[in-house]
Amino acid sequence: MIGLVVASVFHATPVQGAILTRQEFSGDFTLVDATSPFLTNSLPEKSEYSGFVVYSESGTLSDWELSVNNLNLNLKRGSSNGGNLTPDVDFELDSRSNWNLVVDFGIAFDAPRYTLEKTSSSEITLTGEVGRAGTYLYQDSAANITLSSSSTSVPEPTSLLGLLFGVGAIAVSKKAGKTK
């Protein structure tokens with residue numbers, strides 16, 4: 001039993017020495033295309049944006065956030081879209097520097113989808129899709145992007161064993177209390 005607990009805890013923790021890369025970005029988006037006159041007239045020409053993505057070498061997304069001021073777009077991990085719609089997040093990593101983050105609230109029901117893409121070391125695009133109203137594309141060819149990497153590792157066995165022994169002691173004392 002204890003072996004199963006130890007195995008499951010170690011399996012759920014990051015691999016020792018795993019590299020996580022965090023990329024922060026900020027800048028000014030400019031509207032470069034809108035598929036309908038309604039969108040052209042209602043969307044701002046420019047908007048400030050900021051956010052970050054954290055991903056592993058295998059391309060697994062660990063954390064993310066995106067904020068676009070003039071679009072009132074504030075998305076982060078675990079966010080929802082008004083009617084309790086939680087997004088389906090898809091992340092693809094083509095190389096160490098290029099990635100594609102799709103936040104989809106269910107485009108089939110006219111809920112929005114946002115695609116944030118880092119296409120090079122100096123360019124970010126934001127594509128919005130709003131169901132029947134069409135799509136729009138913002139672009140920043142002078143993106144401000146900072147990159148940092150950090151290593152994570154499994155917890156020390158002494159602290160993990162201490163936790164297991166503590167839980168075991170509580171369980172034994174409760175069982176002993178019931179037998180009296």
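**Which residues form one aromatic cluster?**

The aromatic cluster is made of F25, F29, Y49, Y55, F91, W99, Y136 and Y138. This is a predicted model, where local features need pLDDT of at least 70, side-chain atom pairs count only at pLDDT 80 or more, and totals for chains, interfaces and linings use all residues. Residues are numbered from 1 along each chain as its sequence is written, and side-chain values use heavy atoms, leaving out hydrogens and water.

**The chain as a whole**

The chain has three helices and ten strands, taken from DSSP runs (H or I of at least four residues for helices, E of at least two for strands) and numbered from the N terminus. Of its 180 residues, 29% are buried, meaning under 20% relative accessible area with a 1.4 Å probe, protein chains only.

**Two aromatic pairs**

Rings of Phe, Tyr and Trp (its six-membered ring) pair if their centres lie within 6.5 Å; planes under 30 degrees apart are stacked, over 60 edge-to-face, and the rest tilted. The count comes to seven aromatic pairs. In one of them, the ring centres of F25 and W99 are 5.8 Å apart with planes at 45°, so the pair is tilted. Because F25 belongs to strand 1 (residues 18–34) and W99 to strand 6 (residues 99–104), the pair ties together parts 74 residues apart in sequence. Both F25 and W99 are buried.

F29 and Y138 form another tilted pair, 6.1 Å centre to centre with 50° between the planes. Here F29 in strand 1 is linked to Y138 in strand 9 (residues 135–140), 109 residues away. F29 and Y138 are both buried.

Terms used: Buried means under 20% relative accessible area, exposed over 50%, partly exposed in between (1.4 Å probe, protein chains only).
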